[in-house]
Amino acid sequence: MASGYDTARLKSFFDEGFVCAICLGVLKDPMQCENNEHYFCSGCIKEHLEKTSHTCPVCQDKLTVETLRKAPRIVEDCVSRYKIACDHEGRGCAAVLEIGALQAHIRDCGFTPVSCSNDGCDDVVNKQDVKQHETELCRYKTTTCVDCGERMTYHKYGAHGCVLRRDVDEMKKDLADVKITQNEMMNEMRESMKRMTTAIEKLEKSCQNVNSAIEFLIPDIVVIAGKESKTQKLLSSVERFNLFNQTWTPLPELKIARWRNATVVFENQLLVCGGFTAEAANEATDSIEVLHLSRHPSEWKTFSVNLPIKVGNHKCVVHGNHLLIIGGFDGRVIFDTIYELLLVPPYSSKLLCHMRKKRCAHGVEIFYDKVLIAGGIRAKTDVEIFDIKRNQCVEMPPLPSPVYHISTVRRDETMLLIGGRGKNNKHSNEIIEYDSKTGQSKVLLVMEKERTACSAALHENTLVVIGGAVDDANAVDCFNFLSNSWRKLPHLARGRHSASAVVVNKNFGF
C-alpha cells in the first residue's frame, strides 16, 4: 500500500485538509470520495474498500473502487510543492526539496544505502562512498602477493608466509656466497643462529596473529535475560559465548529483569525490546534498553524512545533505520499488528498493517525486503510473508504441524523453526526447515533433547541451540552442517528459557 508522506519529514507548512484520514500522512496520489470530496491516498482508500468496508471512512457514504474520483489537480499541485526531507535523511542527506521532485532526487541520492560487493563483507555504506570503501577501506578487498602471485583478502595478508621465506632465503644466500675462515665461519654460524631464532620467533608470532585473525572473524553469541528454569525467577543477566575458544563470560546486567523479550543489533548497539517484567505474562513493558558495544566500560541504558505498544512474546527485526515490531501479547490481547519505529531522530512510530492472523510466541526472520512470519499461539500452522515495500501480508503454504514458543534462525533462503510446543501442547525436539520462496517445509533435524522457548544462533555452517531444554535448561548443543553431526558445548551459567539471543561481530568492540 502506497501510504502518504510522513508528516515528520515535512519541512514546510501544510494544510491539514491534505492529510489522508487513513494513514495520517500527506496525500500521495490523492483520490476523493464520490459525494463529499474527502481526500485519501490512492493506495490507502483502495485497500480500505477492498478489505474493510465499501463506505467512505469519513462520511460513511457508499463508495467503491469504481466510484472513486481523482482529486482535483490543484490538490496534487499543492501537495507537490510542499518541502520534504529526503528518504535518506537518517543516513546524512540534508536535501530538502519539493515532493514533486522527490523521486528524481532519490534515484541519484548519494546517501542511498548500498551493500559492499566484496565477498565476506556485510557493510552497508552510502552510494557516494561505496567505491572508496570497496577499493581502499574494506578489510575484504582483494590484494595480490608480489612474491607468489597468490590473491587473498587484505585482512589475511599480514599473516602470509612469503615475508618469512624471504628472510630465510636471504640467510641461505649469505652463507653460500661468503668464503670465510674457521673463526669467521663460527661467528657467521652464531649470527645465522640468531637470524634463525629471529625467524622462528617471527613464525611463532605469525601463527599467533593467524589465530588472532581467525578468532576476530568468528563472532560471539549473546544471550539476554529470560526466566530461570528451576526457580522461575526473572533474569536480568546477560551471557556471552565465544565460539572460537568455547567459553561463556558474563556481561553487564539489564536495568530491568524481563522474559519473552526481543533483541536486535543496530549500528553497534544491542537493543532489548519489550517483554514481561513479572513472573506471570500479564505485565508487558514498552521499554527498550540499549548497550553500546564499542564503549568501555559498557553499561545498559534506557533507549531514547519506547516501543509504540506494551508487548511481550513478540518478534522484532531491523530494516534500514527502522525497527519492525511483529505480533505479540500485552497480557490481555494477542496482536495481529506490525508497527514501525524509527531508530534515529525524530524516533517516529506508526502502525504499518495488520497480519492475516493474530499471533504470539511465533517465528520471524527477515529476507531482504520481506519478513517471513510462521506459527505461534492462535496462528497454529499459518505462515505469511510481510512485503515491506508494498506494506501488505501474503498467505504462504502452512507448516506441517502447529508450533509455538519456538526459536528461529535464517539459513540461506530458509527459516529453521527449532523446538517449541506443537500438537496437544507437547514439547518438540524437531527442527523444521521452511523455504521462504517456495513455501515447502520438512523436518530437517531431530535434537537429542526436547526444547521449548529455547534460544538459537547460526554462524555459517554452525547452529547453536541454547537453554530451554525440558530436562536440562543449562544445556547448549551445536550442529555442524558440514560434518552433519551434533556435539555438546559448555553449559550456560544460568539455566534459562524464554531468553533472546543475537550474533555479535568482534569488530563491534565486544
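## A buried glutamine

Gln-32 is buried, as its relative accessible area is 1%. Buried means under 20% relative accessible area, exposed over 50%, and partly exposed in between, with a 1.4 Å probe and protein chains only. Gln-32 belongs to strand S1, residues 30-32. Strands (E, at least two residues) and helices (H or I, at least four) are DSSP runs, numbered from the N terminus.

Beyond its neighbours within four places in sequence, Gln-32 touches several residues, among them Glu-37, His-38 and Tyr-39. Its contacts also include Leu-68, Arg-69, Lys-70, Ala-71 and Pro-72. Contact means heavy atoms within 4.5 Å.

## Basis of the model

This is a predicted model: local features need pLDDT of at least 70, side-chain atom pairs count only at pLDDT 80 or more, and totals for chains, interfaces and linings use all residues. Residues are numbered from 1 along each chain as its sequence is written, and side-chain values use heavy atoms, leaving out hydrogens and water.

## The chain as a whole

The chain has seven helices and 35 strands. Its C-alpha trace spans about 115 × 60 × 45 Å along the principal axes. Of its 510 residues, 46% count as buried. Among contacts with a separation of 6 or more, 44% join residues 24 or more positions apart.

## Aromatic rings

The structure holds seven aromatic pairs. One of them joins Trp-259 and Phe-276: the ring centres are 6.2 Å apart and the planes stand at 55 degrees, so the pair is tilted. Trp-259 sits in the loop between strand S13 (247-251) and strand S14 (262-266). Phe-276 sits in the loop between strand S15 (269-273) and strand S16 (288-292), 17 residues apart from Trp-259. Rings of Phe, Tyr and Trp (its six-membered ring) pair if their centres lie within 6.5 Å; planes under 30 degrees apart count as stacked, over 60 as edge-to-face and the rest as tilted.

Trp-259 and Phe-276 are both buried. Together with Phe-329, they form one aromatic cluster.

## Charges over rings

Lys-227 lies over the face of Trp-259, 3.6 Å from the ring centre. Elsewhere, the charged end of Arg-410 sits over the ring of Tyr-368, at 4.8 Å from its centre. A charge sits over a ring if NZ of Lys or CZ of Arg is within 6 Å of the ring centre and within 35 degrees of the ring normal.
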